[in-house]
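Welcome! Take a moment to look over the sequence and the model below, and then we will walk through them together.

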Amino acid sequence: MTDLSEIIKYVKNNLSEKRFIHTVGVAETAKDLALHYGENPLFAEMAGFLHDIAKEYTLEQMRELAKDLKVDETILNSKALMHAVAGACLAKKLFDIPEEVFNACLYHTAGRENMTTLEKIVFVADMIEPSRDFSGLDSIKALSKTDLDKAVLTSLNSTLMHLIKTGKKIHYPSVKTRNYLLT
Ligand SMILES: [Fe+2]
Ligand SMILES: [Fe+2]
């Protein structure tokens, strides 16, 4: 497995400053949550550092990175969803990472049915890291320590409602994750 220090060096050199700050926030928040829930803190931190590494790529580049993976058509056509898939693939290409870390990166935006605890941790950490600011943030922060499923569900609700309010498309993979959490 690649050393975390090597991953941090790459991320620092290849992401914009703003995204690097966000990434550090996600890594630290994910590590804290992993310790809280008895998950592997190193895996959580690693996924936090890697989750957005392809976010600054074009959709074409994202598709190229993910060409060996079977990806849903809806995801292939959405830059917002594709950055997670491309990021996971790029992380795997550049580094020797555990499957759990790959999956936590892969599912950090839309989630999936039956997410692992580590996947939920990275998903929620992405929403509540210290540089985030939106209405409803405090309740997700509180839920993150008491009910991880509800924290994921509330995060999805917040994102989907924001997309609707701003006239943007909502995508079925996120809705599917939400429906799963409601059953
Ligand atoms: Fe992301
Ligand atoms: Fe992120």
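## A first tour of the chain

Let us begin with one residue: Asp149 has its place in helix H10, which covers residues 148-165. Keep in mind as you read that this is a predicted model. Is Asp149 buried, exposed or partly exposed? With a relative accessible area of 34%, Asp149 is partly exposed, since that class lies between the 20% limit for buried and the 50% limit for exposed. Leaving aside residues up to four places away in sequence, Asp149 touches Lys120 and Leu181.

Now step back to the whole chain. The C-alpha trace spans about 35 × 35 × 30 Å along its principal axes. For 183 residues, a compact globule would have a radius of gyration near 16 Å, and the 15 Å of this chain agrees with that. Among contacts between residues at least 6 apart in sequence, 62% join residues at least 24 apart.

Here are some values for the chain, side by side.

| Property of the chain | Value |
|---|---|
| Share of the 183 residues that count as buried | 47% |
| Accessible surface | about 9500 Å² |
| Share of that surface belonging to carbon and sulfur atoms | 51% |
| Distance between the mean positions of the 23 positive and 25 negative charges | 6 Å |

Next come the metals. Which residues coordinate the iron ion (ligand 1)? They are Asp52 through OD, His83 through NE2 and His108 through NE2, at 2.1 Å. In sequence, these donor residues follow the spacing D-x30-H-x24-H. His83 lies in helix H6 (residues 79-94), while His108 sits in the loop between helix H7 (99-106) and helix H8 (117-128), so the pair ties together parts that are 25 residues apart in sequence. Both histidines are covered: His83 counts as buried at 5% relative accessibility, and His108 counts as buried at 2%.

The iron ion (ligand 1) and the iron ion (ligand 2) are 3.4 Å apart, and Asp52 coordinates both.

Definitions and conventions: Residues are numbered from 1 along each chain as its sequence is written. Chains are lettered from A and ligands numbered from 1 in the order in which they are written. This is a predicted model: local features need pLDDT of at least 70, side-chain atom pairs count only at pLDDT 80 or more; totals for chains, interfaces and linings use all residues. Side-chain values use heavy atoms; hydrogens and water are left out. Donors are N, O and S atoms within 2.8 Å of the metal (3.2 Å for Na, K and Ca); water is not among the atoms, so sites may look incomplete. Helices (H or I, at least four residues) and strands (E, at least two) are DSSP runs, numbered from the N terminus. Buried means under 20% relative accessible area, exposed over 50%, partly exposed in between (1.4 Å probe, protein chains only). The radius of gyration is taken over C-alpha atoms; the globule rule is 2.2 Å times the number of residues to the power 0.38. Contact means heavy atoms within 4.5 Å. Accessible areas come from the Shrake-Rupley method with a 1.4 Å probe; for residues, only the protein chains shown count as cover. Lys and Arg count as positive and Asp and Glu as negative; His and the chain ends are not counted. The place of a charge is taken as NZ of Lys, CZ of Arg, CG of Asp or CD of Glu.
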